Amino acid sequence: EKRFSHSINLLASYAYSKAIDDHEDMYGRTAAGNQYPLDPRNLRLERALSGQHIGQRLTYNMIFELPFGRGRALARQLPRVIDALVGGWDLSAIAAFYSGSPFSVQTSVDACGCGLLTGSKRPNRLRDGNLPDGQRTIQRWYDPTAFAVPPSGTLGTSGRNVLFTSGTRSVNLSLMKNFAFRERWRLQFRAEAFNIA
């Protein structure tokens, strides 16, 4: 957190974390009974990043009191009517940047003949499978050739949550001005823009 002398306030936070679990349902929620493990005798196969894992988060906000108008650095002597229009405005920004969250690749083929729920059937993983952000499209979010149906009578080798979505970024801006009525009353005008970047 930093407060500058020219009416600028900055607040930033960064988090680096890792969330690991050994069970979750098909929506990434940790809840018992919604998805069977690949091999109930070897729960270590299920240990992986949680579907709720977000490795890195950067958030910051800024409030900037625009320097025009009565009581501010510039144009302090404005007539009241003009000051009501151009003086006393504040600009604020809130930005958040998150790394992508993990997800699993599944197959509808029950190669092992175990009769597992669809959400528990995983393919063989041949290579990484993640595509760079610039190569991802709605039709091809990951490399499907990096996965294959396992041979009959075997479990798939792909772990849970081995692929990652793209990160998220959000920048919101607002412009606001407080109007004073007598001593007790305040009215705030606010204009906001969401997801501008």
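Predicted model: local features only at pLDDT ≥ 70, side-chain atom pairs only at ≥ 80, totals over all residues.
Let me begin with the count, which comes to four aromatic pairs. One of them joins tryptophan 89 and phenylalanine 189, whose ring centres lie 5.8 Å apart with 90° between the planes, an edge-to-face arrangement. If you follow the chain between these two residues, you will see that the pair links distant parts of it, since tryptophan 89 belongs to strand β6, residues 89-98, while phenylalanine 189 belongs to strand β12, residues 185-193, and they are 100 residues apart. Tryptophan 89 counts as buried because its relative accessibility is 15%, and the cut-off for that word is under 20%. Phenylalanine 189, on the other hand, is partly exposed, with a relative accessible area of 45%.

Let me turn now to phenylalanine 103 and tyrosine 142, whose ring centres are 6.2 Å apart and whose planes meet at 65°, so this pair too is edge-to-face. Here again distant parts of the chain are linked, with phenylalanine 103 in strand β7, residues 102-103, and tyrosine 142 in the loop between β8 (124-125) and β9 (147-148), 39 residues apart. Tyrosine 142 is partly exposed, and its relative accessible area is 27%.

Which residue has its charged end over the ring of tyrosine 98? That is arginine 57, whose charged end sits 5.1 Å from the centre of the tyrosine 98 ring.

Technical notes:
Residues numbered from 1 in each chain as written. Heavy atoms only, no water. Phe/Tyr/Trp six-rings, centres within 6.5 Å; stacked < 30°, edge-to-face > 60°. Helix = DSSP H or I, 4+ residues; strand = E, 2+ residues; numbered from the N terminus. Buried < 20%, exposed > 50% of the residue type's maximum accessible area, 1.4 Å probe, protein only. Lys NZ or Arg CZ within 6 Å of the ring centre and 35° of its normal.
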